[in-house]
Amino acid sequence: MGKPVHSILSKNFIADNDRTDWHDETLWMVRKKRDYASSQIPEWETLRQWASQIKAHTLSNLDHYLTVFEKNANANGIQVHWAANAAEHNEIIYGIIKQTGISSMVKSKSMLTEECHLNEYLQDKGLQVTDTDLGEWIIQLRKEHPSHIVLPAIHLKKKDVSDTFHQHIQTEKNNNDPKYLTTAARHHLRNIFIKSKLAITGVNFAIAETGGIVICTNEGNADMGVHGAAVHIACMGIEKIIPETLHLSIFLRLLARSATGQAITTYSSHFTSPRKGQQMHIVIVDNGRTRLLGNNNFRNSLKCIRCAACFNTCPVYRKTGGHSYHSIVAGPIGSILNPNTDIKANADLPFACTLCGSCSNVCPVKIDIHNQLWIWRQQISKEGYAGKTKSLSMKVMAYILSHPNVYRFSGNVFRMTLKYFPFIVKNKLNPWYRQREMPEAPKKSFRQWYIQKQKSEFKKQHIKKDS
Amino acid sequence: MEVTLFIPCYIDQLYPNVAVATLELLQKLGCSVSYPLQQTCCGQPLANSGFYSLSNKCNENFINNFSDAGYIVCPSGSCTLHVKEHLQSKTRQSKAEKIKSHIYELSEFITDVLKPKNLTASFPYKVGFLTSCHGQRGLHLSSMSEINEPSFSKPLQLLNEVAGIDLFMPQRVDDCCGFGGTFCVYEEAASVKMGKDRIRDFETNNVDYITGYDVSCLMHLEGILKRNKSRVKTIHIAEILNSGTNG
Amino acid sequence: MNSRSNILKKIAENKPASESLPVLRFDDTIHYADKQAQFIKALQNVVAEVLEFYGYAAINTLYKNLQAAGKKIVNTIPEIDDVNNQLPSLSAENLAGVEIAFIKGLVAVAENGAVWVTEEQMQNRLLPFICEHLYLVIERENIVDTMHQAYQKIDTAASGFGVFIAGPSKTADIEQSLVIGAHGPKKTTIIIIN
C-alpha cells in the first residue's frame with residue numbers, strides 16, 4: 001500500500017454518488033444555518049475583526065498569558081502540567097491516572113487528544129476510555145477516526161449507526177430512528193457516567209485573567225463526566241488562551257453560530273476551580289505549535305477556535321469527505337496544520353483545494369486560510385515534495401511561458417494536435433479527458449487573428465487612399 | 001480611452017472568440033485598444049501549483065509587455081487577480097506595482113471606469129450565471145454569500161442591461177465549480193463532481209447558456225456538458241455583451 | 001518543569017512583535033427593543049419551554065402540584081421551598097433518579113436564550129445536567145441583550161463553576177437529525193418572573 005493521497009481517497013468516496021450528495025447537501029445546510037445566524041447579528045463582521053485581533057494580541061504575548069493563566073489556575077487549586085509533544089501529553093495523563101488507581105474513564109470531545117492519539121495509548125496500558133460525545137462514541141465503537149471536528153460521524157448514515165448499535169448495545173436490528181438510537185446511547189452511557197470516577201475533557205477557551213477554562217457542548221457530556229468524577233483532566237493546546245473573561249463574550253457569540261448556526265451551544269461551562277474534594281489538572285501542550293508561532297506565513301492558523309465553518313463551506317471537503325484527508329483534522333484548516341507536523345505525508349493536502357476563498361470568508365477569527373494553502377504549495381515544492389513528474393512539467397511550462405516564440409510554437413502544435421491528432425490528447429491517460437471533452441481547437445490563435453486583421457485594415461485604408 | 005488588452009494564454013490559444021469579443025466590445029464602448037504581441041501568460045498555473053519560484057522570467061515578460069500600458073483589461077477574473085496579487089520583479093518592482101494598480105477584469109472595467117450610459121447588446125436566451133471564485137472573492141466583483149454586506153454584482157449589472165436576456169442564478173449562488181487550475185487534473189474526481197453538481201442546477205432550470213467572466217471555469221463545465229451531450233452551452237460574458245445587431 | 005521552560009522559551013523566541021488589543025465598543029452591538037420578547041424567541045429556537053409568572057407564589061403552586069404528582073424533585077431555591085443542605089455532597093449515584101430540578105438563574109441572554117447559573121445556585125454541579133427536566137427561574141430585570149452585557153454583569157471567577165444553559169441537551173450526531181435529550185435534561189423550562 002502506498003501512502004494515502006487525497007485525490008485517490010476522494011475518488012473512492014465519490015464513487016458512492018448518493019452518499020456524496022447526501023454529505024454535500026447536509027454540510028451545505030449547516031453552512032446555510034451559519035449564514036442565517038450570522039445575518040441576525042448586525043455587528044458580525046466587527047465581531048470577527050475583534051476576535052481576530054484578540055487572538056493576534058494573545059499570540060504575540062503568549063508566554064505572558066500562559067504564565068498568568070498558570071499562576072491563577074494554581075491559586076484556584078488546579079494543577080497545571082506542560083507537555084512538549086504528544087508523547088509527553090500522554091505520559092502526563094497516564095501518570096495522573098496511575099496515581100489514582102482508576103482504570104476506566106470517560107472522555108468528552110477533544111481534538112487535541114485525537115491529535116495525540118491518547119485513546120490508543122491509554123488502551124494499550126490496559127485502561128478503558130469511553131468517548132461520550134455521541135458522534136465520537138459511534139466512531140469509537142466502529143474503530144474509526146472523526147471525519148469532521150464538530151460532527152465526527154458525519155460520514156455515517158443512520159443505517160450505519162443502527163448496525164453498530166445493534167452489534168454493540170443490542171438495539172433493535174434495522175431500527176434506524178435517530179431518536180431511538182440516541183435514547184439507547186443515553187441509557188447506555190448514563191450508567192458509565194454514573195460509575196466513572198475520572199473525566200478527560202478538552203478546552204475551548206482558557207482565560208488568563210481567571211485561571212479558568214470554558215468547555216462548550218450541546219449534549220452535556222463534558223459536564224456529566226466531570227461533575228461526577230473525582231478527577232478531571234483537561235487538555236489544551238497553548239493557543240487556547242484568551243486574556244480576559246470579557247473576551248469570551250465575543251468568542252461565544254461567534255463559535256456556535258459559525259459551527260452549526262446555533263446562537264450558542266446548550267452548555268458553555270466555566271470551570272474555575274475543582275469541586276470540593278475533586279482533583280483538577282490542566283495539561284498545556286505544544287506539539288508543534290511554537291514552530292507555527294515562529295512562522296510568519298502560518299502563524300495565523302493558531303487563531304483557530306475549531307468551529308469547522310471552513311469544513312462546511314469547503315466544496316472539496318463537502319464532496320470528498322473527511323477521511324479523504326487522511327489526518328485527524330481534515331478540511332481547509334487541517335490542510336494548513338497537518339503539513340506543519342509532517343510535510344511529506346501531507347504534501348497533497350494544500351492541493352486538495354481550488355483556492356476558492358470561501359473558507360477565509362466564513363472563518364470567525366479571519367484566518368486567511370486559502371492564502372496559507374497557497375503558501376504551503378510553494379513550500380512543498382521548494383522542499384522537494386511536489387513529485388518529480390510535476391516538477392519537470394512545471395519547469396517545461398515555465399520555459400514555454402517565458403519565451404514568447406516558444407509559447408506561440410507550442411500553442412500552434414497543441415491546437416494542431418487537438419485538431420488533427422486528437423488521440424494523443426483524447427485518451428484515458430489525460431485526466432481532463434476521462435470525464436470531460438477537450439475544447440475544440442480553433443485554427444488560429446487570437447494573436448494570429450489580430451495580426452491578420454491589422455494587416456487587412458491597413459490594406460483597406462491604403463486602397464481607400466489609392467482610389 | 002486607451003486600453004491595452006491582456007489575453008490569457010488559454011484564451012489566446014483555445015478561445016480566440018472571447019478575445020475578439022472583448023476587443024470589439026471595448027471598441028464599441030469607445031476605447032482605442034492595443035494588444036502587445038509578445039505576451040504569453042500571467043504565470044498563474046505555475047504559482048498555484050506551488051512553483052511560483054519558476055515564474056520570474058514569465059513575470060519579466062509580462063512587465064515587458066505591459067509596463068507602458070495605461071489601463072490593462074483582461075477577460076478573466078482569475079488571471080487578473082493573479083497579476084494583482086503576485087506580479088513582482090527584482091529589478092522593476094515599481095513597474096510591477098503600476099501594472100497591478102492598472103489592471104482590470106473586463107466587467108469591472110466597464111462598470112467602474114467606462115460607465116457607459118447603456119449597452120446595446122441583445123441576447124434573447126435563458127442564461128445561467130456562473131460566479132467564479134477568484135473574480136468574486138479576490139477582486140470583489142460581487143457581494144459574497146458568506147459575508148454580511150450589501151448585495152451587488154458588477155457583471156450582473158451589465159448583463160441586466162442586455163435586451164431579451166432571461167437571467168438565472170443558481171441556488172448556491174457562489175459555490176465553486178471545481179475548475180481550480182491544475183486541481184482539475186490532479187483532483188479529477190472531486191473537480192468533475194463539483195462541476196457536475198454546478199451544472200445540474202443550470203440544466204434542471206433549462207438554461208440555454210451558462211455565462212461568466214472566467215473562461216477557465218466555463219471550459220471545465222463545457223467539457224462536462226459536451227461529454228454528457230447536454231443542450232446547454234457556455235459563453236463568455238464578453239460574447240453576450242458584444243452580441244446583437246445594433247452594435 | 002523542563003517542558004514548561006522549554007515551551008515558554010520557544011514562545012519567547014518565536015512570537016511576533018506585540019500586537020495591540022482591539023478597542024471593544026460593546027455599546028455599538030445589537031440592542032433589542034423588547035428584550036423579553038427576543039429572549040422568548042431565542043428560547044423557542046433552542047426548544048425550551050417558557051412560563052411567565054408573577055412572583056414566586058405561582059411557582060410554589062406549580063412545585064406543590066409536581067410534588068403531589070409524586071415526582072422526584074430537587075429544589076435549590078429558598079423562595080420556593082426548603083433546600084436540602086446535604087445537596088452539595090450528593091454523588092452521581094445519589095442524583096441519578098432526579099426527575100425535576102428547580103434552579104435560579106442570575107442572568108438571561110436575549111440573543112440566544114442562555115441562562116447563567118453558578119455553583120451557589122445549583123448547589124451541586126451535577127444537578128442541572130443529571131436531572132431529566134430542568135426548571136430555570138429568572139427575574140425579568142435580569143434579561144440582557146447579548147453575551148457582552150451578560151459578562152459585564154457576572155463574575156465568573158467568583159464561583160468555582162458556572163454555566164450558560166440554553167435549552168435542553170441535544171445532539172444531531174446521527175445524520176444531523178436533531179434529537180432533544182442527549183446526556184443532560186430532556187426538557188428545560190424557563191420561568192420568567194415578571
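I began with one ion pair: B:Asp197 forms a salt bridge with A:Lys319, with the closest N and O atoms 2.6 Å apart. My rule for a salt bridge is a side-chain nitrogen of Lys or Arg within 4 Å of a carboxyl oxygen of Asp or Glu.

Ground rules next. This is a predicted model, where local features need pLDDT of at least 70, side-chain atom pairs count only at pLDDT 80 or more, and totals for chains, interfaces and linings use all residues. Residues are numbered from 1 along each chain as its sequence is written, chains are lettered from A in the order in which they are written, and side-chain values use heavy atoms, leaving out hydrogens and water.

**Chain B against chain A**

I counted 10 salt bridges between chain B and chain A. I then looked up polar contacts, meaning pairs of N or O atoms within 3.5 Å; within protein, one must be able to donate a hydrogen and the other to accept it, and residues adjacent in sequence count only if both atoms are side-chain atoms. Across this interface, 43 residue pairs are in polar contact, both residues at pLDDT 80 or more.

Which helix of chain B gives the most to the side that touches chain A? Helix α11 (residues 188-204) does, with 10 residues. Helices (H or I, at least four residues) and strands (E, at least two) are DSSP runs, numbered from the N terminus. The side of chain B that touches chain A divides into 35 nonpolar, 20 polar and 16 charged residues. For these classes, Ala, Val, Leu, Ile, Met, Phe, Trp, Tyr, Cys and Pro count as nonpolar, Asp, Glu, Lys and Arg as charged, and the others, Gly among them, as polar.

In contact terms (heavy atoms within 4.5 Å), 71 residues of chain B meet 73 residues of chain A. I took buried area as the accessible area (1.4 Å probe) that two parts lose on being put together, summed over both. Chain B and chain A bury about 6,400 Å² between them, with 58% of it on carbon and sulfur atoms. B:Gln13, B:Arg172 and B:Arg227 supply 12% of the area that chain B buries here, more than any other three residues.

**Chain C against chain A**

I turned to chain C and found 67 of its residues in contact with 91 residues of chain A. The buried area is about 6,700 Å², and carbon and sulfur atoms give 62% of it.

I counted 7 salt bridges here. One I looked up joins A:Asp63 and C:Lys15, the closest N and O atoms being 3.0 Å apart. Helix α1 (2-14) is among the elements giving two or more residues to the side of chain C that touches chain A. α1(C) gives the most, with 8 residues. By class, that side has 32 nonpolar, 21 polar and 14 charged residues.

**Inside chain B**

Buried means under 20% relative accessible area, exposed over 50%, partly exposed in between (1.4 Å probe, protein chains only). Beyond neighbours within four places in sequence, B:Ser216 is in contact with B:Tyr10 and B:Phe179.

Helix α5 (residues 77-86) of chain B is mostly covered, with 8 of its 10 residues buried. Among them are B:Cys79, B:Leu81 and B:His86. B:Ser76 caps the N-terminal end of α5(B), a side-chain oxygen lying 3.4 Å from the backbone nitrogen of B:Ser78.
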